[in-house]
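Subject: A structure to look through

Dear colleague,

Here is the structure I promised to pass on to you. Please open it first, and then read the notes below beside it.

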Amino acid sequence: MRYVFLGLPGAGKGTQARFLSERLGIPQVSTGDILREHVQEGTSLGIEARTYMDRGEYVPDDLVVRMVEERLEEPDATKGFILDGFPRTVPQARALDAALAENETPLDRVVKFTITDPIAIRRIVGRYTCGVCKRTYHDRWSPPKNDLACDHDGAPLEKRTDEDELTVKRRLALYRQQTEPLEGFYDERGLLTEVDAEAPAAEVSERLVRGLAEAEG
Ligand code: AP5
């Protein structure tokens, strides 16, 4: 199965992609996580990407498209994938369409997770991420058992450099301007399913599974 997850920053794309990836045994391909790995490793892509990411801006299309095309060529992606945070612009969506058409492996579904701006801001400002396994926690809604250590591997939890309120507001505005048009792009193709993501994560997972099953008929 080949899925794209859309939604405001903080909508829970990463949380739900991790859930579905484990359930279906297909990889979660998060462009945000891959870019942050490049930043951490100090690659030339990471050095360029960082200037955009820290300001809450999008990394240029050509860099991200190339990175995703390479990732989708890896063997684990042949049985399917969940694209978490890609595409984010119409040119990225067209590039993805072209790459998938070449292999005759079109998308099965695009899921849009819906939340309001105030909830998005509260989720991101309160988020902590494990530096190793990338699991996320929230200081109010899903705190770790031990202060600032990951329940899964004990590694320290970190704050991202784009999680202050001002940067989050900039990211929300950019989503409206650049990414929201993709909802129409995929709706016209009959691919869009909306999931109300303002509920506890386990409930959202149930809604996701139900939404995908209904779409498959
Ligand atoms: P990226 O890392 O993709 O950030 P994002 O899309 O802005 O989304 P987030 O990761 O902030 O939120 P999420 O929806 O995954 O929510 P999460 O599950 O973590 O991208 C970062 C940057 O990289 C971009 O700004 C850009 O610069 C660059 N970039 C990436 N892709 C790009 C592209 N394609 N093109 C150009 N540039 C690109 O949940 C958030 C919090 O809420 C967590 O604490 C979680 O525990 C909690 N939570 C989740 N679900 C629930 C729930 N149901 N109830 C309560 N709490 C919940």
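**The sheet and what packs on it**

Five strands make up an open sheet with parallel pairing, in the order 2-3-1-4-8; helices (H or I, at least four residues) and strands (E, at least two) are DSSP runs numbered from the N terminus, and two strands pair if DSSP finds at least two bridges between them. The edges are formed by strand 2 (28-30) and strand 8, each of which pairs on one side only. Direction ignored, neighbouring strands of this sheet are turned by 25 degrees against each other on average.

Please keep in mind that this is a predicted model, in which local features need pLDDT of at least 70 and side-chain atom pairs count only at pLDDT 80 or more, while totals for chains, interfaces and linings use all residues. Residues are numbered from 1 along each chain as its sequence is written, and side-chain values use heavy atoms, with hydrogens and water left out.

Strand 2 runs parallel to strand 3 (residues 81-84) and is joined to it by three bridges; Q28 has I82 in strand 3 as its bridge partner. Helix 1 (residues 13-24) packs on the sheet, where it touches strand 1, strand 2, strand 3 and strand 4, contact meaning heavy atoms within 4.5 Å. The direction of helix 1 makes about 160 degrees with that of strand 1; axes are lines fitted to C-alpha atoms, for helices over the stretch in contact, and angles run from 0 to 180 degrees between N-to-C directions.

How do helix 2 and helix 4 lie to each other? Their axes come within 11 Å and cross at roughly 100 degrees, and the two helices are therefore roughly perpendicular (65 to 115 degrees). In this contact, T31, I34, L35 and H38 of helix 2 meet V64, M67, V68 and R71 of helix 4.

In helix 3 (residues 44-54), L45, G46, A49 and M53 are buried, that is, under 20% relative accessible area with a 1.4 Å probe and protein chains only, whereas exposed means over 50%. These buried residues fall within an arc of 85 degrees seen down the axis, so they line one face of helix 3; the arc is that of the directions from the helix axis to the C-beta atoms. They pack against helix 2 and helix 4, while the face turned away carries the exposed residues S44 and I47.

Note on methods: Parallel < 35°, antiparallel > 145°, perpendicular 65-115°, else oblique.
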